[in-house]
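Here are my notes on the model, as numbered points. Please read them with the structure open.

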Amino acid sequence: MMGKLVKRAKDPCRYHEYSHWLLVLQVTCAVLNRDAVKGDIMLDKASRDRSYLWGRLMAVADYIERLHFHETRDGRMTTVCRYMEMVSLSPVRYWGIIRKRLIPHLKKAGRLKARVYACKLLDQLTDMLLGPEYTDEPLGAAYLTGFSSQQLCLLQMDYAVRKGKE
């Protein structure tokens, strides 16, 4: 059963609605974390787990692209979501593809403070991955937890900024 949950969470293209995939992702991460100490699903910035870091990196890339889609009111699926399953199998290879497609969004980084923060975080995570861990071996299930936790952290930051403007 756990294998099926992980497989479904790795493939957002299978869902018609982004929110449906997010629900599957959250349930999968909750099940993955149920054996963790205190069952904490909050972002672990101290973690150096390769899979977890790749998940965080993908969440930041997804966030940067979503900021652009939010501005243009375009609700299409991000590059990260389209390549999610492939990244879990060959992260270095597909990160190159995703990074190239992010370039137009990164060039617009100066327009929003959130995008500037995300770009800095993207660079920090890339630096953390460089070294012996920068291999093209498949990722473990912690990839999904890293993605989900980082995504939640970025959404909470957005909410706090919007609430402060009201």
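1. Helix H6, buried side. In H6, Arg115, Ala118, Cys119, Leu121, Leu122, Leu125, Thr126 and Leu129 are buried. Seen down the axis of H6, these buried residues fall within an arc of 165°, so they line one face of the helix. The arc is that of the directions from the helix axis to the C-beta atoms. Buried means under 20% relative accessible area, exposed over 50%, and partly exposed in between (1.4 Å probe, protein chains only). Helices are DSSP runs of H or I with at least four residues, numbered from the N terminus.

2. Basis. This is a predicted model, in which local features need pLDDT of at least 70, side-chain atom pairs count only at pLDDT 80 or more, and totals for chains, interfaces and linings use all residues. Residues are numbered from 1 along each chain as its sequence is written, and side-chain values use heavy atoms, with hydrogens and water left out.

3. Helix H6, other features. The face turned away from the buried side of H6 carries the exposed residues Lys113, Lys120 and Asp127. H6 covers residues 113-129, and its 17 residues should span 24 Å at 1.5 Å a residue. The end C-alpha atoms of H6 are 25 Å apart, which agrees. The expected span is 1.5 Å times one less than the number of residues. Gly131 follows H6 and has a positive phi, near 120°.

4. Helix H2. H2 (residues 18-33) has 16 residues. From its first C-alpha to its last, H2 reaches 22 Å, close to the 22 Å expected. Its buried residues are Trp21, Val24, Leu25, Thr28, Cys29 and Asn33. Down the axis of H2 they fall within an arc of 160°, so they line one face of the helix. An α-helix has 3.6 residues a turn, so residues three or four places apart point the same way.

5. Salt bridge. How many salt bridges does the count give? The count comes to one. The rule asks for a side-chain nitrogen of Lys or Arg within 4 Å of a carboxyl oxygen of Asp or Glu. Arg66 and Asp62 meet this way, at 3.0 Å from N to O. Both lie in helix H3 (residues 50-72), four residues apart, about one turn of the helix. Asp62 is buried, at 2% relative accessible area. Arg66 is partly exposed, at 22%.

6. Cysteines. The disulfide count is zero, where a disulfide is a pair of cysteine sulfur atoms within 2.5 Å. Cys81 is buried at 1% relative accessible area. Cys119 is buried at 13%.

7. His105. This residue sits in helix H5 (residues 91-107). His105 is buried, with 7% relative accessibility. Leaving out residues up to four places away in sequence, His105 touches Ile64, Glu65, His68 and Arg115. Contact means heavy atoms within 4.5 Å.

8. Aromatic pairs. The whole structure holds two aromatic pairs. The rings of Trp54 and Tyr134 have centres 5.9 Å apart and planes at 20°, so this pair is stacked. The pair links distant parts of the chain, 80 residues apart: Trp54 is in H3, and Tyr134 is in the loop between H6 and helix H7 (142-165). Trp54 is buried at 0%, whereas Tyr134 is partly exposed at 31%. The rings of Tyr83 and Tyr94 have centres 5.6 Å apart and planes at 35°, so that pair is tilted. Tyr83 lies in helix H4 (residues 79-89) and Tyr94 in H5, 11 residues apart. Both Tyr83 and Tyr94 are buried. Rings of Phe, Tyr and Trp (its six-membered ring) pair if their centres lie within 6.5 Å; planes under 30 degrees apart count as stacked, over 60 as edge-to-face and the rest as tilted.

Definitions and conventions
Helices (H or I, at least four residues) and strands (E, at least two) are DSSP runs, numbered from the N terminus.
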